[in-house]
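Visitor: I've got a structure to look at. Can you walk me through it?
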Amino acid sequence: MRIDIITVLPELLDSPFAHSILKRGRQKGIIEVNVIPLREFATNKYKSVDDYAFGGAAGMVMMCEPIANCIDHLKLQRNYDEVIYLTPDGELFSQAMANQLSLKGNLIMLCGHYKGVDERIRQHYITKEISIGDYVLSGGELAAAVVSDAILRLVPGVMNDETSALTDSFQDGLLSPPVYTRPAEFRGIRVPEILLSGHEKNINEWKHQQSLERTAHRRPDLFAKYHS
Ligand code: 6GU
């Protein structure tokens with residue numbers, strides 16, 4: 001899978017894909033992440049990527065030409081399954097969406113900035129709009145990093161057995177159970193005895209029960225969906 005991220009702040013995306021699971025996935029050649037500086041596609045002598053909003057609204061708007069030129073340039077080299085725009089008024093991101101997108105081959109992500117992009121780009125180039133939650137970030141870059149991370153770790157071969165996605169919170173609609181490591185006693189607090197019992201069936205039942213209780217207590221909204 002390949003993700004091309006278009007941004008006015010490429011430096012913001014240097015680190016998120018350079019460590020741990022995603023670093024190894026890139027080294028293995030299973031996933032590819034490219035950060036494309038939008039300013040390289042600016043057309044005027046000032047290299048502008050934004051301009052004043054028509055109608056006199058406060059704040060700048062990302063211009064059509066640099067974005068159109070950039071996406072056209074990318075599309076000449078390969079086909080894309082989705083051209084995604086990261087924006088607070090997009091569809092709310094979820095594990096289900098991450099699962100679907102992890103099956104795609106090539107994705108473009110366009111990071112919004114300022115007051116957002118000219119509506120004509122949204123109408124003519126964008127195939128999917130994603131928000132990562134009901135709060136406002138200063139730009140789409142951190143959202144693109146969040147969405148990309150959630151997608152890329154699901155691509156087969158990126159994770160090994162120890163990091164398997166199958167036992168993640170949300171993958172079965174429930175939160176994960178609590179986990180413990182050595183020592184078996186820490187400041188007088190013991191690990192639940194069942195986890196030391198070696199009885200796999202009972203342990204799995206205990207974990208499932210803990211997941212149910214956690215979800216019911218912390219996320220009644222998820223718990224209601226799980227039972228319906
Ligand atoms: Cl995708 N962008 C911005 N700027 N803020 C957000 C967001 C995206 N998702 C939630 N808040």
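Visitor: How do the residues of the shell around the ligand divide into nonpolar, polar and charged?
Guide: This is a predicted model, where local features need pLDDT of at least 70, side-chain atom pairs count only at pLDDT 80 or more, and totals for chains, interfaces and linings use all residues. Residues are numbered from 1 along each chain as its sequence is written, and side-chain values use heavy atoms, without hydrogens and water. The shell has seven nonpolar, four polar and no charged residues. Here Ala, Val, Leu, Ile, Met, Phe, Trp, Tyr, Cys and Pro count as nonpolar, Asp, Glu, Lys and Arg as charged, and the others, Gly among them, as polar.
Visitor: Which element gives the largest share of that shell?
Guide: β5, with three residues. Strands are DSSP runs of E, at least two residues; helices are runs of H or I, at least four; both are numbered from the N terminus.
Visitor: Which atoms of Y135 and L137 lie by a ligand nitrogen?
Guide: For Y135, a backbone N or O atom, at 2.5 Å. For L137, a polar backbone atom, at 3.0 Å.
Visitor: New topic. Which residues touch the most others in the largest nonpolar core?
Guide: I5, F17, L86, M109, I130 and L152, out of 31 residues. Such a core is a set of buried Ala, Val, Leu, Ile, Met, Phe, Trp, Tyr and Cys residues joined through side-chain atoms within 4.5 Å. Buried means under 20% relative accessible area (1.4 Å probe, protein chains only).
Visitor: Which element gives the most to this core?
Guide: α5, with seven residues. There is also a second, separate core of 23 residues, M62 and Y125 among them.

Note on methods:
Buried < 20%, exposed > 50% of the residue type's maximum accessible area, 1.4 Å probe, protein only. Polar contact = N/O pair within 3.5 Å; in protein donor to acceptor, adjacent residues only side chain to side chain.
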